[in-house]
Each structure stands twice: as structure tokens, then as C-alpha cells.
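Subject: Structure handover

Hello,

Please find the structure for your files below.

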Amino acid sequence: MGNIGGVNVDAAMGAVSDLGKAATLTEEEVKESSRQMRLYEEQSKETVAPASSEYAQRLAKLTDKFRKYDGLDINFKAYLSDSVNANATADGSVRVYSALMDLMTDEELLFVIGHEIGHVKNGHAGKEMRTALALSAARKGAAASGTAVGSLVSSELGGLLESVLNAQYSQSQETDSDDYGLQFMRKTGGDLRAAESALRKLAELSGGQHSILSSHPEPGQRADRMAQLAKQE
Ligand SMILES: [Zn+2]
């Protein structure tokens with residue numbers, strides 16, 4: 001019961017068994033739920049680049065020194081995926097998709113990674129997870145009768161993942177994370193111009209079907225802003 005692919009999720013999900021609790025979860029509970037959601041994602045939805053792959057090796061080389069950064073414990077993984085994307089969850093999991101790695105230089109990737117760390121540090125990812133947990137608890141309440149607990153837990157993790165992946169950060173959250181990303185480049189001796197060029201590349205991708213792009217303000221405007229700020233001391 002509550003065992004998905006050998007992972008016991010009861011401890012994490014028991015904490016969110018009712019809607020009221022979702023709002024008052026501790027930070028550690030939000031992190032633990034995020035960890036369990038990532039495990040579910042990596043067992044059922046996404047392919048983690050094997051350690052021997054060029055993606056995993058390139059990412060490790062870029063990020064090994066940031067596993068402890070700004071008071072956070074961060075873990076980095078590359079996903080093998082055609083989506084141009086990157087994201088981060090409250091537990092400090094930063095995920096970079098191989099198609100994004102194909103598109104960007106090392107410096108541009110570092111800006112995106114800094115941006116994603118910003119979503120963790122500024123509490124955006126935690127807030128998003130709390131919202132997802134509240135939705136999940138509401139759904140669970142509605143669907144509880146006559147459903148096996150095992151499948152409920154599985155569907156719950158799937159629902160959480162969908163909520164989190166479809167959630168959109170606010171304009172100010174994106175702006176704050178861009179600032180954090182640029183600051184990250186400054187602090188770590190990176191090339192500040194990479195902030196602008198990373199966003200220009202995203203702006204050039206048409207259609208806006210990628211979740212990294214579905215955010216506003218538009219990447220082109222964000223690139224202009226980064227170019228301005230990069231000039232300032
Ligand atoms: Zn963002």
C-alpha cells in the first residue's frame with residue numbers, strides 16, 4: 001500500500017490527506033512531497049540521462065560546485081527529452097532537459113540554472129507545490145470512496161506532477177528569478193551576456209509550446225532587461 005516502484009509514499013502523502021492541512025504543511029513536508037513527486041516522475045514519465053551520457057557528464061561538470069549554494073541543498077539531473085525545458089522543485093531538484101542543453105552554451109545553461117535556483121530560493125517552487133497539494137487533497141476528498149488506496153496514491157502523485165508542470169509563475173516571480181539568475185552569474189564569475197543570449201534563444205523558438213516559455217513577460221522583453229542590468233555594476 002502506498003508503495004510505488006519500491007518507494008514508500010505514505011509518509012509524504014499522509015501529511016496531505018485533507019485540504020485544510022495543505023495550507024499549514026511545514027517546509028520540510030512540502031520538500032518531502034516534492035521529493036516523492038520527483039521519484040514518481042523519474043520512474044514513470046521522464047528518462048534521467050545515465051551517468052555515462054554526455055548530457056549527465058556536461059551537467060555534472062557545470063553544476064558540481066553548486067550542490068550547496070545560498071543555503072540550499074541542490075541536486076541536478078538531466079532528462080533525455082525533446083522538450084526545451086528546465087524546472088526546479090521545492091526540494092532543490094533542478095532538472096535540465098537535453099533539448100535545452102543542445103540549444104544552449106554552457107554559460108547560457110548556467111544562467112537558466114541560476115534562474116531555476118531562484119525559484120527555489122525565493123519560495124516560488126514551494127508555493128506552487130502547496131497549491132498543487134491543496135488541489136490534490138481536494139481531488140482526493142472527492143474521489144476517496146471505492147478507490148483502492150494504492151491507485152489513489154499513484155494517481156495523486158500524477159496529479160501533483162501535472163499541477164506543478166502546468167502551473168505558471170507570475171510575472172514578478174519570473175522577473176525576480178531572472179534577477180537571481182543574473183546575480184548567480186555575477187557571483188560565480190560567469191559571463192553576464194549569457195543571460196540575454198539565453199533568453200533570446202528562447203524567444204526565437206516559435207509557438208510558445210514549451211513550459212519554460214509559457215511564462216510572461218515574453219522572453220524578448222526579459223532579454224532586453226537582462227542586457228540593461230548586465231551593463232550596471
Ligand atoms: Zn522561471
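Predicted model: local features only at pLDDT ≥ 70, side-chain atom pairs only at ≥ 80, totals over all residues.

Residues are numbered from 1 along each chain as its sequence is written.

Helices here are DSSP runs (H or I, at least four residues), numbered from the N terminus.

Helix α10 (residues 193-204) and helix α11 (residues 219-231) have axes that come within 8 Å and cross at roughly 170 degrees. That makes α10 roughly antiparallel to α11 (angles over 145 degrees; axes are lines fitted to C-alpha atoms over the stretch in contact, and angles run from 0 to 180 degrees between N-to-C directions). Among the residues that meet are Leu-199 and Leu-202 in α10, and Ala-223 and Met-226 in α11 (contact: C-beta atoms, placed from the backbone, within 7 Å).

Helix α6 (residues 106-121) packs with helix α9 (residues 171-187) at about 125 degrees, the axes being 7 Å apart. Residues in this contact include Phe-111 and Ile-117 from α6, and Tyr-180 and Phe-184 from α9.

Helix α3 (residues 27-44) has 18 residues, which at 1.5 Å a residue should span 26 Å, and its end C-alpha atoms are 26 Å apart, in agreement (expected span: 1.5 Å times one less than the number of residues). Buried residues in α3 include Val-30, Met-37 and Tyr-40 (buried: 20 or more other C-beta atoms within 10 Å of the residue's own, with C-beta atoms placed from the backbone).

Regards

Terms used:
Helix = DSSP H or I, 4+ residues; strand = E, 2+ residues; numbered from the N terminus. Parallel < 35°, antiparallel > 145°, perpendicular 65-115°, else oblique. Contact = placed C-beta atoms within 7 Å. Buried ≥ 20, exposed ≤ 12 C-beta atoms within 10 Å, placed from the backbone.
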